[in-house]
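Open the model in your viewer and keep the sequence panel beside it. The stops below each begin with something to select.

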Amino acid sequence: MGRYVLRRILYAIPIAFGVSVVCFALVYIAPGDPLQTVLPPDATAETIAIVKHAYGFDKPLPMQFLIWLGRVLTGDFGVSIATRRPVILEVSDALANTALLAMFAVPISFFIGYVMGAVAGSCAGRWIDRVVTGAAVVGVSLPNYWLGIVLVIVFAVHYMLLPATGMGPHGSAGFNLLQWSNSKFLVLPVVTLSMIPVGILARTTRAAVAEVRNQDFVQTLRAKGLSEWAVTRHVLKNAMPQVMAVMGLQFGYLIGGSILVETVFTWPGSGFLLSKAIINRDVPVLQGTILTLSLVFVATNLLVDLLQSLIDPRIRRT
Amino acid sequence: MTDFFVIPAKAEIQSSKPPTAALDPRFLGCGDVSEQQTEPGFEDQALPATRVRGYWQSVFYRLRHDPVTLVFAAIVLLIVLAAEFAPLLAPFDPYKESIVGRLKPFGWRDHPLGTDELGRDMLSRLLFGGRVSLLMGVVPVLIASLIGGMLGVLAGFVGGRTNTAVMRAMDVFYAFPSVLLAVAIAGAMGGGMANGMLALTLVFIPPMCRVAETATTQVRALDFIEAARASGAKTMTIIRYHVLGNVLGPVFIYASSLVSVSILLASGLSFLGLGVRPPLPDWGLMLSTLRQSIYVVPLVCALPGLAIFITSICCNLVSDGLRAAMDVRM
């Protein structure tokens, strides 16, 4: 077990390195000079040379990468071009807001999706299975940014029950979860964000449960005289590793992929920060946000793999 | 949104059973005799019980008897035709603006679906928008299947260090949530339709490569490859006749399931201003510009998203049906 954990952790390092290479490369796949956004359009050749030197753009590329990596490792992501604040502060503030959404969306969607899938898988072929499968297809096919807009139209525009966008009433400082005037801003984004994970989890769980139920050992359990409930428990436990892998991915999606939902609700999270950075061509923020989010994603996957090996010893042997 | 939607996890592919069709002798052109026993009452009972049906014949047989898939395939076909013949079907010029006719509800002065924020006819724009959205849904998947598939077959067939190198490189791209990767690439390159498609292609290559690699590795270990080699077949011949035949099935099924994801992601990029540029009509872009007007004509504003949703769900269901018919497990 110890060796597996060590190997898996060591394996995450080159991945994280590769991720940082990709993030670094983002600046260079941009058309034109990366300095274009900083420099005034009428800059003289001399100014350009000075700025180039100041940003280290006159050094060879691998050197630039190492310098950049060294700075990143010490938590220095540079300064936002749009706000002049350190990127690390921008990103950590935004990530905290995204985490607030995920804190609700993750348990809600995982629970609903898992229960739906487990029920459907256990009743494969019956009407309840069809209903769940249909609902799950709707969940994975819904453009969540559109769902967000529709929910706003219904609940904010038509019934005026919930706020349409933002995080907290205008001008209020801090976000107090316990006050309805604050927490009601969470409802629509969380519901919208949960839709896709619910669909995907229901589909995966259903497939996994249905597959395990067809294995021979289930028959053996029945032959031994176990109650249906006890058999189901065995089945669910054996379907768990597969479900957990998808949960890990979906967790990553809820943290990193919420850009569209956050844009719809102007929720000041990491995704919204990213879309603002794109509009402003704010490359340091773009780079910093993507790097942070993907590292969170790498860490999540690592954690899921370790948890999986804890549940299913077979994985450790491969 | 793929991981987001349905790009399978590493474990998901690996832990599932091998794609059965891929290893099924039926795929190699041998006959299928099992069908007759499992599906009684087909065609002429007087035929001898051992009548052989080819693999593709049995696939089409199953498809023909799957009304749900057929209905949704018909809807997809209708959407494609509507987009293709948009110039004939559209009642108005999709670019014709009108200052007085902005944001009008359904049925206003011969505009059956109302008008948008610049007074352009919604129905015409939806029809023309379908062309762009479908194109952005299909083209990246096609290119990614080609490149990812080739890489996967190469990695799987050569094995060893090549396999490790290719698959580890793919793992790096797996480390990004797919929306994030698409947004990052498109954002860095500055948006536009071509860049959007390029970004989506790059997002789809790694999972495609993984599907092809898994299938190839499984086939490569089978005896008949050994037999072909022993009888003197060259590597290219083996790949062409023995490997591809078994890999194309899973790749095709996976690609079909990506179309819906691609449409959603492409519209998402346009929604963020990273895909199609105005005034070109595109569902995602229309949704984004109309979002400001939900207080004026909420129903009209919801239309482009509805189009995306219907197209995506139909593509998903057709893909599910194809998978069931081709008996490929993902």
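Helices here are DSSP runs of H or I with at least four residues, numbered from the N terminus. The model is a predicted one.

**Stop 1: two loop residues in chain A**

Select R84(A), in the loop that joins α3 (61-73) to α4 (87-122) of chain A. Its phi is near 65°, a positive value in a residue other than glycine. Is R84(A) buried or exposed? R84(A) counts as exposed because it has 7 C-beta neighbours inside 10 Å.

Next, select T266(A), which sits in the loop between α10 (259-264) and α11 (270-279) of chain A. T266(A) is not a glycine, yet its phi is positive, at about 35°. With 15 C-beta neighbours inside 10 Å, T266(A) counts as partly exposed.

**Stop 2: G156(B)**

Move to chain B and select G156(B), in helix α7 (residues 122-158). G156(B) has 25 C-beta neighbours inside 10 Å, so it counts as buried; the cut-off for buried is 20 or more.

Which residues does G156(B) contact, leaving aside its neighbours within four places in sequence? They are N163(B), A212(B), E213(B), T216(B), T217(B) and R220(B).

**Stop 3: helix α8 of chain B**

Select residues 160-174 of chain B, which form helix α8. From the first C-alpha to the last, the 15 residues of this helix reach 21 Å, close to the 21 Å expected at 1.5 Å a residue. Colour V166(B), M170(B), V172(B) and Y174(B), the buried residues of α8(B). Then show what covers them: the cover includes α7 and α10 (193-220) of chain B, together with α1 (2-29) of chain A.

**Stop 4: where the chains touch**

Show both chains. Across the interface, 44 residues of chain B are in contact with 47 residues of chain A. On the chain B side, the elements that give two or more residues are α1 (10-15), α8, α9 (178-189), α12 (235-271) and α14 (298-326). Which of these gives the most? Select α14(B), which gives 10 residues to the side of chain B that touches chain A, the most of any element. Finally, colour that side by class: 30 of its residues are nonpolar, 10 are polar and four are charged.

How values were computed
Residues numbered from 1 in each chain as written. Chains lettered and ligands numbered in written order. Predicted model: local features only at pLDDT ≥ 70, side-chain atom pairs only at ≥ 80, totals over all residues. Buried ≥ 20, exposed ≤ 12 C-beta atoms within 10 Å, placed from the backbone. Contact = placed C-beta atoms within 7 Å. Expected span 1.5 Å × (residues − 1). Nonpolar A, V, L, I, M, F, W, Y, C, P; charged D, E, K, R; others polar.
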